[in-house]
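I opened my notebook to look up how this chain folds. The entries follow the order of my searches.

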Amino acid sequence: MKFGIMKKAKNAFKFRNSLKNKIRRRNDAGVSKVEDIHEIEEQEFVDAFRQTLITDNLLPAKFDDYHIMLRFLKARKFNINKTKIMWANMLEWRKMFGTDTIIEDFDFKELKEVQQYYPHGYHGVDKDGRPVYIERLGMIDVDMLLRVTTFDRFVKYQVQESEKSFAIRFPACSVARNRPIDSSTTILDVRGLGLMSLTGPVMDFLKLVQEVDNNNYPETLCRMFIINAGPGFRMIWNAVKPLLDPETTSKIQVRLYIHYV
């Protein structure tokens with residue numbers, strides 16, 4: 001199924017820059033529209049935010065996109081001033097990190113070895129057409145992981161994967177489902193994860209990856225299923241849950257033991 005997504009992506013590559021342009025091109029060809037219904041209130045916020053970005057010269061052409069701006073607004077509860085700060089920091093980070101060319105420039109040649117000690121990856125789509133990301137966090141071995149790669153290289157790999165989602169996965173899924181898709185479903189397998197598993201290096205690793213994701217790719221999680229949650233993990237979850245934003249926790253479902261191949 002994953003290969004089918006990549007094949008559709010060849011025809012969908014230009015879709016990511018502007019959904020409006022995609023709708024216009026499809027209409028010119030006499031094909032049915034990509035369904036893209038905007039809430040009136042959200043549209044007003046996006047329009048106001050867009051004008052603010054234009055005024056402050058903070059709107060590169062590739063980011064002049066309704067859905068990108070809406071994701072950042074949602075991340076800051078539609079506070080335009082706070083969103084502008086987040087947006088400006090994101091643009092600066094992209095310059096410093098070399099994000100715009102990371103798909104072409106970065107070669108994560110140790111991927112197969114990394115997946116032995118941190119099993120993860122995309123596999124197919126969910127029932128709504130969103131990409132599905134699976135991570136077996138309970139099997140992470142940070143000591144061995146750091147023998148085959150470094151924190152810095154792994155973060156670059158994670159950024160590269162995020163960029164691939166916006167360049168390939170989301171556009172392909174949008175075309176396949178005939179509606180805009182810019183979020184994914186995550187399955188987090190925590191079998192074997194307990195209090196003793198969350199050592200300093202593990203927490204540092206997870207925090208680093210999550211910080212980059214939250215600051216620069218907000219609101220890309222549609223929902224998360226935490227599976228194989230034993231007693232150890234439930235203790236962790238009960239302690240962490242009150243610290244999370246209610247909107248975030250509403251996207252997370254914790255399940256007990258689920259067996260799969």
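I looked up the strands E1 (residues 120-125) and E2 (residues 131-135) and found them paired antiparallel over 4 bridges. Strands (E, at least two residues) and helices (H or I, at least four) are DSSP runs, numbered from the N terminus. Two strands count as paired if DSSP finds at least two bridges between them. Gly-121 has Ile-134 in E2 as its bridge partner. E1 and E2 make a hairpin with 5 residues between them. In the turn, Gly-129 has a positive phi of about 90°.

I noted the ground rules. The model is predicted: local features need pLDDT of at least 70, side-chain atom pairs count only at pLDDT 80 or more, and totals for chains, interfaces and linings use all residues. Residues are numbered from 1 along each chain as its sequence is written, and side-chain values use heavy atoms, leaving out hydrogens and water.

Next, I checked the largest nonpolar core, which has 32 residues. Such a core is a set of buried Ala, Val, Leu, Ile, Met, Phe, Trp, Tyr and Cys residues joined through side-chain atoms within 4.5 Å. Buried means under 20% relative accessible area, exposed over 50%, partly exposed in between (1.4 Å probe, protein chains only). Tyr-118 and Phe-154 are among the residues with the most contacts inside this core. Its largest share, 7 residues, comes from H9.

I then went to Phe-166, in helix H9 (residues 151-177). Phe-166 is buried, at 19% relative accessible area. Its C-alpha atom is separated by 9.8 Å from that of Tyr-217, 51 residues apart along the chain.
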